[in-house]
Amino acid sequence: MHINELLKIARSERASDVHITADRNPLFRIDGSLRETQYLLSYEDKRDMILSLLSDKLRKRVEDGLDVDTSYETEGGMRHRVNVYFQQKRIASAIRLLNDEIPSFEELGLPEALRGLADEPRGLILVTGPTGSGKSTSLAAMIDYVNTRKPCHILTIEDPVEYVYKQKKALIHQRAVGEDVPSFSDALRSAMREDPDVILVGEMRDFETISAAITAAETGHLVLSTLHTTGAAMTVDRIIDVFPPHSQQQIRIQLSAVLKGVVTQTLLPKASGTGRVAAFEIMVATDAISTLIREGKGHQLNSNIQTGQSKGMVLLDDYLMNLVRKGVVTREAALEKVSNKEEFEKSLGRGMY
């Protein structure tokens, strides 16, 4: 079996990911759960299948025992994000299936507040959540929204490039880490000389990248990026904790000045049994919230989010409660995602939202 055939079957079954590993048949992730296929393949066949995803240069990296992140495109322009790695000295791969078209806000069911954040002329916007929660797709929708509205220069820095944007009103350049530039931090430093208006940083992984992203936002750019955090308060703490103690107060001041919003998202199976739906936590950086960040009062952020509904803000637990009340997701599915299970069940019992 050729890898393209396996990927075509995965798409026909609405899979989001394909896993190829030594001791199992290929597995598809469908609606959040892994399901093993019936395709019996030898280890050698699976190894060849994985290596066929890679260029000669990347195959050499794999042969040297290194992990590889890359993209793969099949006929018809269908794109895939590929990670190749070793476990127990045997090759394995995780393949994310991407849409060939960038979904709109409406198709994704994104809250209106995200449109307002994408309209910001400058500052830092963070989309956070666990792996596989749809962060990249939401960011792509926001970037494409800007692309349709503003004659500006959009620069994306990704590892690897996932969605390829069509040039609309904006000029768009997409740089792949490891191919077009050595690292995220190198690309951000270089970006200051490339006249961008909007910068998408695929992931803020380390001190250098976070520092450079904050600097870019301070110098008048709109910077969008992701973190693997859950909730606005945790996101703020994570950024500040990356810096050494002696500089954390300065970073609080900088972050309070540039942060425009934090969007946390997670995916849940629908109660109907088919498909998944996104749940969100949204924090918009009002003057009150910026003050709390500057003064190191992150523990008070949630109460300000809860009272900021008129600004489009919502806590994740409240969003999940609404989904349960509407019958979109089950109580059991929501309880796996909430931060305060006891309070959630009490509120559900009171019939309040």
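Student: What should I keep in mind before we start?

Tutor: This is a predicted model, where local features need pLDDT of at least 70 and side-chain atom pairs count only at pLDDT 80 or more, while totals for chains, interfaces and linings use all residues. Residues are numbered from 1 along each chain as its sequence is written, and side-chain values use heavy atoms, leaving out hydrogens and water.

Student: What makes α7 and α8 roughly parallel or roughly antiparallel to each other?

Tutor: Helices are DSSP runs of H or I with at least four residues, strands are runs of E with at least two, and both are numbered from the N terminus. The axes of α7 (residues 184–191) and α8 (residues 207–218) come within 8 Å and cross at roughly 20°. That makes α7 roughly parallel to α8, because angles under 35 degrees count as roughly parallel, over 145 as roughly antiparallel, 65 to 115 as roughly perpendicular and the rest as oblique. Axes here are lines fitted to C-alpha atoms, for helices over the stretch in contact, with angles from 0 to 180 degrees between N-to-C directions.

Student: Which residues meet where α7 and α8 touch?

Tutor: Contact means heavy atoms within 4.5 Å. Phe 184, Ser 185 and Leu 188 of α7 meet Glu 208, Thr 209, Ala 212 and Ala 213 of α8. These contact residues divide into 4 nonpolar, 2 polar and 1 charged. For those classes, Ala, Val, Leu, Ile, Met, Phe, Trp, Tyr, Cys and Pro are nonpolar, Asp, Glu, Lys and Arg are charged, and the others, Gly among them, are polar.

Student: What makes β9 and β13 edge strands?

Tutor: Two strands pair if DSSP finds at least two bridges between them. The open sheet has 7 strands in the order β9-β8-β10-β11-β7-β12-β13, with mixed pairing. β9 (171–176) and β13 (276–284) each have a single partner strand, so one side of each is left without a neighbour in the sheet.

Student: How do you know that β12 and β13 pair?

Tutor: There are 9 bridges joining β12 to β13, and these strands run antiparallel. The pairing rule asks for at least two, so β12 and β13 count as paired. β8 (residues 153–158) and β10 (residues 198–201) run parallel and are joined by 4 bridges, with Ile 154 opposite Val 198 in β10.

Student: Why is Asp 144 called buried?

Tutor: Asp 144 lies in helix α6 and has 13% relative accessibility, so it counts as buried. Buried means under 20% relative accessible area, exposed over 50%, and partly exposed in between, using a 1.4 Å probe and protein chains only. Setting aside residues up to four places away in sequence, Asp 144 touches Ile 102, Tyr 165 and Lys 168.

Student: Is Thr 70 buried or exposed, and what makes it so?

Tutor: Thr 70, in strand β4 (residues 68–73), has 4% relative accessibility and therefore counts as buried.

Student: What makes β13 largely enclosed?

Tutor: In β13, 8 of the 9 residues are buried, so this strand is largely enclosed by the rest of the structure.
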